[in-house]
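Subject: The structure I promised you

Hi,

Have a look at it first, then read on.

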Amino acid sequence: MTDPRIRNFCIIAHIDHGKSTLADRLLEITGTITKRELKEQILDSMDLERERGITIKAQAVRMFHEKDGQIYQLNLIDTPGHVDFTYEVSRSLAACEGAILVVDSTQGVEAQTLANVYLALENDLEIVPVINKIDLPAADIDEARRQITEAVGINGDTALPVSAKSGIGCKELLNALVDRIPPPKIDNDAPLRALIFDSAYDNYRGVVCYVRVKDGKLKVGDKIRFMKGELDFEVTELGVLSPRQSPVSELQCGEVGYVVAGIRTLAEVRVGDTITHAKKPAAQALSGYKEVKPVVFAGLYPVNADDYDSLKDSIEKLRLNDAAFFVEPETSEALGFGFRCGFLGLLHMEIIQERLEREYNQDLLFTAPSVVYRVLLTNRETVIIDNPSKMPNPQNIESIEEPYVDARIFFPKEYLGNVLTLCQGKKGLQKDMTFISTERVMVHYEFPLSEIVSDFHDRLKSVTSGYASFDYEVTGYKEGDMVKMDVLVNGDPVDALSIIVHRSDSASKGRVLCKKLKEIIPRQMFVVPIQAALGGKIIARETVSAVRKDVTAKCYGGDISRKRKLLEKQKEGKKRMKQFGRVEIPQEAFMSVLRLTDD
Amino acid sequence: MTDLGLYIHVPFCKHACPYCDFYKLELRAIPAATRLAFTSVVEQELILHLTAHPDLAERRLETIYLGGGTPSTLKPELVGGLVSFLQRAFQGDGAQEITLEANPENLTPQRCVKWREAGINRLSIGVQTFADRHLERLERLHRAEVIDDAVANARAAGFDNISLDLMFALPNQTMEEWMESLRRAAALNPEHLSFYGLTYHENTPFHEQLEEGGLREVEEDLQAEMYLAGCGFLRHAGFEHYEISNFARRGNRSRHNQRYWYRGDVLGLGPGAHSNLGPRRWSDPEDLESWQEAVGNGMLLMMEEEPLGPEQLDGEKLFTGLRRIEGISRRESPILHNAARAWFEENRDDVGDYAACDEESFRLMETGWLVSEAIIRDIMKHLPPG
């Protein structure tokens, strides 16, 4: 049986192709939200999201649309728009029966378009292609149709031309959603199964779970069970978003809404988990659940050791809102007490870093991010290493495996040479190369994740003047000939500067790293040697010469106040430096290991 | 009865030098009436201070210093009136040291006599260099031969306390040029000498040219050598190197300038003048018109006024104290002495040539002065957190 009144869908698009604008327009046209409210909503959303043009937290909004005298309930489930959040995207897609695929008529198909389409197809979604921005002078609708057909593999002739900005074609799109997207299959009598596709933390009510009811129905007061988390709760509130939270007494099969059940921490709720009734549980959880595992790790330290407790506090608060942010205490000889943090990707890491600095006002020191290595020891034991300084001694290592990714890169053909050179330099293995139009190329490569985690994205942007788009997914592990490179400053190893490198790169990376550190580490009263070493063997060396002249010539009346203020300012600036032995190492030094290519 | 120094900022210059970052105006931009009224406005400003704080008049006046700008562009008669007014406004026998900053081209025989008559007993002459090509580059209005005449005229008028100001690390200056300037300066037998490495201050034409690449800073190593060579030369010539940039014959240290490094009270008068009374700091507005108007309306405009807390005072004591040959003493500040000592112990192997430290005092030597900023920053890390 199906519920013919309901359509559940999401919007998938490349960044800037108009996803949010289209969502806003649909909300406006269906009368879900007024123009004035739209503005307020935009103002309310997280600064970081707006600045980066991405959606960090998914939401689900219910709207109503009338077609041929019949009123339909359309549930728009928003999806995070970045590669780091692929799993979250896949769970949001699993809550839908259909997806609007937005392609910018001035840009064509991009890397993320494709990645998201693959995810949607895996989830058996009906895809409704839309060609956006048709009112711009540079729009090329026919070319967009052609690319949808050829690069995406969906009949481009079925694509609806729209302008999300002006609203052209949006009514037709709503009708198409009703016509083309299948209504949800329902079985109100089956044991309850509701898919958690997102969650958020609310200061007053605790965790709010966003769910799609797949089987049975859910009522306030129900005793529920999280099947993977194996935890029981009692539902205190159910509701839908329109787009503000409005409570309802039950969520029917096929519907989308939120559940509040006195859950105190996000750690208890896992996206992808299934909610069932505690008394009459379903036999099997919904498929597709995965444990989210961070793929990038970095050390996070307070710049002033005294701020440890306050940083810990901030991290705990932040984790309430971000279950994918992994944290455990860590101690570094160089940096003291801090935390080992795991992230879904580099963007995720940057977001956390910025939020801690901006919202929680913390002075932070991040070490260079590392991927997770699998190390097989000579005693046949396997250990997982997410911190280069914890790498076992070489004589105890049988082999090391590192994570690999599949990456797709889209760019105008004139940059082909640049991109291939870059990929080659990053140890890429080409798997495919296609011209998706007469102007644009898609290459498909396999890379070690460690190469992507370093400066790949920045370099890609620079060698293609910003015209490339890029997406990747972690595929598995492969053995590699890797070694730990230590860095000695003034004769002492600085554990937070250790990195894992391919043996073949170690000499050149050691040289570049020493040279960079020489530029970054301020001159001291004495000569400071900087060395890179493999095991005990020095492979590169630079010297920071001693300060020769640093004196204020004149110091009379007004100079004294100026001088004092300058000293006070420099003292503030010190906060970004870490005293290591007698040498001060600025924060940049710890990130400099990311960019070790000779320019 | 605590003593007091007076600093009068005279913001007039015939031509503004492109490296100078003091508040000044070119003469042609100032109406003659304003210039003529200047000393009387300074007098009014002092009256306002004395009215607001009658206890100031109880102070013993030790020094008067007319700086700028170019105070030697003022009429000596007007300065004479001002000096005698200032002398009478305070307790005691009047200031012992009354300095005028002067440009060599202003020190004609007649004017030198008039400056003596005005009560000036010390001249600080802006020589800068004896190489004409550098004087030209610095846009100075005098040439080397004028300097010799100026000193001779001053001596003839009876000045027995003359200081010469020199600069090193000028664009493209060679070590030979620098030493030659020093030799010629020493040959004039001044009682006092100062030399300063050229600093490219922000918001000056020189700084702009440096940024644009039109000027290049002298190599750091050469600057260091110039400084040390200059110190050595003057030491051998019998001068005491009593502050980072200052040298004096015995008994001829600048009493006024020492007030800054010993943090004695100085009351500043005139636009842009800085004052330092106890823990209070402020400056007069860097604007001739607003200063004049405010004083005319009976108002004292105190810019950037702030009372310093103990931590800030410690910071000042540290960097002013380390400029002096005596350094800082345990008696003056046990906290600073402890911090400096801790730094010295920690770096003993590397800094033995830079500093001298014992139970009672901590002081920097010439090589230490050369990197004194870095040392001060280092020592500050050893101060207990405030």
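This is a predicted model: local features need pLDDT of at least 70, side-chain atom pairs count only at pLDDT 80 or more; totals for chains, interfaces and linings use all residues.

**Chain A in outline**

Chain A has 599 residues, and 56% of them are buried. You will find 14 helices and 33 strands in it. If you take the contacts in chain A with a separation of 6 or more, 70% are between residues 24 or more positions apart.

Now zoom in on one helix, H5 of chain A, which covers residues 111–122. How far apart should its ends be? With 12 residues at 1.5 Å a residue, the span should be 16 Å, and the end C-alpha atoms are 17 Å apart, so the two agree. Several residues of H5(A) are buried, among them A:Ala111, A:Leu114, A:Val117 and A:Ala120. After the helix comes A:Asp124, which has a positive phi, near 60 degrees.

**Two buried residues to look at**

Where does A:Gly272 sit? It is in the loop between strand E15 (256–260) and strand E16 (274–277) of chain A. A:Gly272 has a relative accessibility of 1%, so it counts as buried, the cut-off being under 20%. Leaving out residues up to four places away in sequence, A:Gly272 touches A:Tyr87, A:Arg91, A:Leu195, A:Ile196 and A:Tyr289.

Over in chain B, have a look at B:His256, in helix H9 (residues 255–261). B:His256 is buried too, because its relative accessible area is 0%.

**Where the chains meet**

How many residues are in contact between the two chains? There are 45 from chain B and 28 from chain A. The area buried between the chains is about 3,600 Å², and carbon and sulfur atoms give 54% of it. B:Glu220, B:Phe319 and B:Glu373 supply 16% of the area that chain B buries against chain A, more than any other three residues.

The interface also has 9 salt bridges and 20 residue pairs in polar contact. On the side of chain B that touches chain A, helix H15 (residues 372–380) gives the most, with 8 residues. That side of chain B is made up of 19 nonpolar, 11 polar and 15 charged residues.

One of the salt bridges to find is the one between A:Lys565 and B:Glu304, where the closest N and O atoms are 3.2 Å apart. Both residues belong to a network of salt bridges that also takes in A:Arg564, A:Glu568, B:Arg263, B:Arg281, B:Glu306 and B:Glu316.

**Pairs within a chain**

Side chains of opposite charge can pair when their charged atoms come close. Over all chains, the count comes to 62 salt bridges.

- A:Arg374 pairs with A:Glu401, with 3.5 Å between the closest N and O atoms. A:Arg374 is in strand E21 and A:Glu401 in strand E23 of chain A, so this pair ties together parts that are 27 residues apart in sequence. Both are partly exposed: A:Arg374 at 34% and A:Glu401 at 27%.
- A:Glu451 pairs with A:Lys427 at 4.0 Å, N to O. A:Glu451 is in helix H11 of chain A, while A:Lys427 is in the loop between helix H10 (416–425) and strand E24 (429–435), 24 residues apart. Is each one buried or partly exposed? A:Glu451 is buried, with a relative accessible area of 5%, whereas A:Lys427 is partly exposed at 27%.
- B:Lys114 and B:Glu77 meet at 3.2 Å, N to O. B:Lys114 is in helix H3 and B:Glu77 in helix H2 of chain B, so the pair ties together parts 37 residues apart in sequence. B:Lys114 is partly exposed at 37%, and B:Glu77 is partly exposed at 47%.

Cheers

Conventions:
Residues are numbered from 1 along each chain as its sequence is written. Chains are lettered from A and ligands numbered from 1 in the order in which they are written. Side-chain values use heavy atoms; hydrogens and water are left out. Helices (H or I, at least four residues) and strands (E, at least two) are DSSP runs, numbered from the N terminus. The expected span of a helix is 1.5 Å times one less than its number of residues. Buried means under 20% relative accessible area, exposed over 50%, partly exposed in between (1.4 Å probe, protein chains only). Contact means heavy atoms within 4.5 Å. Buried area is the accessible area (1.4 Å probe) that two parts lose on being put together, summed over both. A salt bridge is a side-chain nitrogen of Lys or Arg within 4 Å of a carboxyl oxygen of Asp or Glu. A polar contact is a pair of N or O atoms within 3.5 Å; within protein, one must be able to donate a hydrogen and the other to accept it, and residues adjacent in sequence count only if both atoms are side-chain atoms. Ala, Val, Leu, Ile, Met, Phe, Trp, Tyr, Cys and Pro count as nonpolar, Asp, Glu, Lys and Arg as charged, and the others, Gly among them, as polar.
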